[in-house]
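My notes are below, in the order I checked them.

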Amino acid sequence: MTLYTRIGDDGTTRLFGNQTIDKDAPRVDAYGCVDELNSALGVAAAACSHDEITAILTNLQNSLFDVGADLATPRNESQSETPPVIRRIVAADAAALEQTIDRVCAPLPEMRQFILPGGTELAARLHLARTICRRAERACVTLSRSEAGIGDIGIFLNRLSDLLFALARRANQLEGRPDVPWRKG
């Protein structure tokens, strides 16, 4: 098997189910942002020496493959069922992220001011991943305005960005580095 297929040479790609779509379509943009986020988490994980955070990042990367597959499989009335290889993102996925956020935040000091994205290298990488997550969320909002719903993916990404913020703070704490406060003006 070769790595290249030449299928997309004309500016199109195929969704799950073999539907052809332009590479700049909102759906492709949405799952492309999710793919970029997954790569950013890989970069963060490569800089991580804390098992607690590494385990969370690995689970998140696996979940983002589910998100990408969900986005690459349009929902429509003519499909009576989701293909069995596709796992749809559901409300319980966002609830699981909330539990992880609570666990990550438990040892953190109360936040009394805005903080700058930074501190340790790992924290900075997690903050960058958080902003990519927000872009993916915005792309999903755009997609939901033009096509059938995206289910609970937007809620999942919203919670995920909160988790990445918490993980960045935890990374600083584990390295003994305080968060960098925002100084107005």
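**Aromatic rings**

I looked for aromatic pairs and found one in the structure. The rule I used takes rings of Phe, Tyr and Trp (its six-membered ring) whose centres lie within 6.5 Å; planes under 30 degrees apart are stacked, over 60 edge-to-face, and the rest tilted. The partners are Phe 114 and Trp 182, edge-to-face, with 5.8 Å from centre to centre and 70 degrees between the planes. Phe 114 sits in the loop between helix 3 (91-105) and strand 3 (115-116), and Trp 182 in the segment after strand 4 (180-181), so this pair ties together parts 68 residues apart in sequence.

A note on the source: this is a predicted model, where local features need pLDDT of at least 70 and side-chain atom pairs count only at pLDDT 80 or more, while totals for chains, interfaces and linings use all residues. Residues are numbered from 1 along each chain as its sequence is written, and side-chain values use heavy atoms, with hydrogens and water left out.

Phe 114 is exposed at 59%, and Trp 182 is partly exposed at 45%.

Both turn up again in a nonpolar surface patch of about 400 Å², made by Phe 114, Leu 116, Val 180 and Trp 182. Patch residues have over 30% relative accessible area and no salt bridge; like charges are joined within 9 Å, and nonpolar side chains (Val, Leu, Ile, Met, Phe, Trp, Tyr) within 5 Å.

**Cysteines**

I counted zero disulfides, taking a disulfide as two cysteine sulfur atoms within 2.5 Å. Cys 33 is in none, and its nearest cysteine sulfur, that of Cys 140, is 8.0 Å away. Cys 33 is buried, at 4% relative accessibility. For Cys 105 the closest cysteine sulfur is in Cys 133, 15 Å off and too far for a bond. Cys 105 is partly exposed, at 32%.

**Overall layout**

I read off five helices and four strands, in the order β-β-α-α-α-β-α-α-β along the sequence. These are DSSP runs numbered from the N terminus: helices are H or I with at least four residues, strands E with at least two. The C-alpha trace spans about 50 × 35 × 35 Å along its principal axes. Of the 185 residues, 39% are buried.

**Salt bridges**

How many salt bridges are there? I got 12, asking for a side-chain nitrogen of Lys or Arg within 4 Å of a carboxyl oxygen of Asp or Glu.

I looked at Glu 36 and Arg 135, whose closest N and O atoms are 2.7 Å apart. Glu 36 is in helix 1 (residues 26-46) and Arg 135 in helix 4 (residues 121-146), so the bridge ties together parts 99 residues apart in sequence.

Another bridge joins Glu 52 and Arg 170, at 2.9 Å between the closest N and O atoms. It links helix 2 (residues 51-71) with helix 5 (residues 153-174), 118 residues apart. Glu 52 is partly exposed at 33%, whereas Arg 170 is buried at 13%.

Glu 98 bridges to Arg 159, with the closest N and O atoms 2.7 Å apart. That pair links helix 3 to helix 5, 61 residues apart.

Notes:
Buried means under 20% relative accessible area, exposed over 50%, partly exposed in between (1.4 Å probe, protein chains only). Accessible areas come from the Shrake-Rupley method with a 1.4 Å probe; for residues, only the protein chains shown count as cover.
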